[in-house]
Amino acid sequence: MKHETGEAAAIKGGVTAPAGFVAGSIFCGVKEVNTSKEDMALIVSESPAVAAGTFTTNKVKAAPVLVSMAHLRAAGARAIIANSGNANACTGPKGLEAARRMSRATANALGLAEREVLVCSTGRIGVQLPIEKMEAVIGDLAAKLGKRSQDAAKAIMTSDSFPKETAVECEIGGKAVRIGGIAKGAGMIDPNMATMLSFVTTDAMIGKADLQKALRASVAQSFNRITVDGDMSTNDTVLALANGRAGNRALEWGGPGFAVFQAALDRVTAALARMIVKDGEGVSRFIDLQVTGARTDREARLAARAIANSILVKCAWYGGDPNWGRIMDAVGYSGARIREERIRIAYNGLPAVEGGMPAATSPARLRAVARKKEFTITVDLGIGSGTHGIWTTDLTTKYVDFNMGE
């Protein structure tokens, strides 16, 4: 265990690492072609809990997003039910009723109020949810709950190649506090939430409003700083449940112990966000892109997103080509204010551009960096103190093949 002034320690257990949380999964066959993969997951707090959430900023929102947003207005929530194989998006009133039935069936199986259940779906858009099949197995799913975080993580996977989970423990006021999380996501990944779901649990004692503030701040520095292909989903959701079983004094925004909790939560969300980027569809390189020296943080973000989502830049990275000219081009059209003669670009600290012109570093040394599986690019605009970082990837032929359709 770590002291309040120290770093949270990594532990095992994912969303079931915190006290009083159980999880499980079951096969339903939500997507007709799926004949064996478990595709429904359930996470439950065994005692009353408060909930927080952040959702897609896409104006086209899936039915489960709308239902969960409504349920979060209640004082508390104790369960999250999720399925893969069907997004239940663009499905009209029938889809909205299916999401409500999914919540209602779960509440009945657990003996909870319907508004205590949050709902998530991921998969193909525009297909009605086979809610009757799902209702038929939810009772069995509720009976299979236990310390099964990884099973739940696997059940929400779509194009993911591995289950994503993490957990940490820190000490607050002499009490051991745990935070765990799972996530899914590999394609349609872009800042302001990706096509991803993430569920976070904690046994910390914290109020609903303060948990919402902490989650919003954590998402801003993690899930909202990733991009694979620049597409934003209809279903993006991050949910957090806190049940207070750790027995710490209630955490308040800015109060004693809150910074420790926030740092631990940030570690969980950042770890999950990095896993999502590294598991991007067809990805072969992971790039930590840092823009500094912008006039404002907002303008740094404009420049970073323009670079990270540039098809030309991403193709160059795929080829292991440190083509800084394409980066300069993206910065130029990004909308950020610049002075070309002040721009500096570096690959893993090796200067590629100085004063807007080629640096003295040999092309061979830059290529050696660009051909690594992971590297950092720093773009210094040289006119202010604004900064923004994004985790991003290359764009490969495998990505194109994967997304050509059925």
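**Helix packing and local backbone geometry in the predicted model**

In this predicted model, Asn-88 is located in the loop that runs between β5 (79-84) and α2. The backbone of Asn-88 has a positive phi of about 50°, although the residue is not a glycine. Most residues other than glycine have a negative phi. Asn-88 has a relative accessible area of 0% and is therefore buried, the cut-off being under 20%. The loop between β5 and α2 also holds Cys-90, for which a positive phi of about 60° is found although Cys-90 is not a glycine. With a relative accessible area of 55%, Cys-90 is classed as exposed, because the threshold for that class is over 50%.

The packing of helix α2 is considered next. Two packed helices are described by the angle between their axes and the distance between the axes. For helix α1 (residues 63-71) and α2, the axes come within 8 Å and cross at roughly 55°. The two helices, α1 and α2, are therefore oblique to each other, and the crossing in which α1 passes α2 is right-handed. On the α1 side, the contact is formed by Ala-63, Pro-64, Leu-66, Val-67 and His-71, and on the α2 side by Gly-95, Leu-96, Ala-99, Arg-100 and Ser-103. Classified by residue type, the contact of α1 with α2 comprises six nonpolar, three polar and one charged residues.

Helix α2 (residues 92-110) also packs against helix α3 (residues 131-143), with axes that come within 9 Å and cross at roughly 25°. Angles under 35 degrees count as roughly parallel, so α2 is roughly parallel to α3. The crossing of α2 past α3 is right-handed. In this contact, α2 contributes Ala-98, Arg-101, Met-102, Ala-105, Thr-106, Ala-109 and Leu-110, which meet Ile-131, Glu-132, Met-134, Glu-135, Ile-138, Gly-139 and Ala-142 of α3. By class, nine nonpolar, two polar and three charged residues make up the contact of α2 with α3.

Lys-133 belongs to helix α3. Its relative accessibility is 38%, so Lys-133 counts as partly exposed. When neighbours within four places in sequence are set aside, Lys-133 is in contact with Cys-28 and Gly-29. The C-alpha atoms of Lys-133 and Gly-29 are 7.9 Å apart in space, while the two residues are 104 residues apart in sequence.

A further pair of positions was examined for separation. Arg-249 is placed in the loop between β10 (237-242) and α6 (258-278). At 77% relative accessibility, Arg-249 is classed as exposed. From C-alpha to C-alpha, Arg-249 and Pro-93 lie 44 Å apart in space, with a sequence separation of 156 residues.

In helix α8 (residues 311-318), the buried residues are Val-313, Lys-314, Ala-316 and Trp-317. Viewed down the axis of α8, these buried residues fall within an arc of 155°, so they line one face of the helix. An α-helix has 3.6 residues a turn, so residues three or four places apart point the same way. Just after α8, Gly-320 adopts a positive phi of about 70°.

How values were computed
Residues numbered from 1 in each chain as written. Predicted model: local features only at pLDDT ≥ 70, side-chain atom pairs only at ≥ 80, totals over all residues. Heavy atoms only, no water. Axes fitted to C-alpha atoms, helices over the stretch in contact; angles between N-to-C directions. Helix = DSSP H or I, 4+ residues; strand = E, 2+ residues; numbered from the N terminus. Parallel < 35°, antiparallel > 145°, perpendicular 65-115°, else oblique. Left-handed = near helix turned anticlockwise from the far one by under 90°. Contact = heavy atoms within 4.5 Å. Nonpolar A, V, L, I, M, F, W, Y, C, P; charged D, E, K, R; others polar. Buried < 20%, exposed > 50% of the residue type's maximum accessible area, 1.4 Å probe, protein only. Arc of directions from axis to C-beta.
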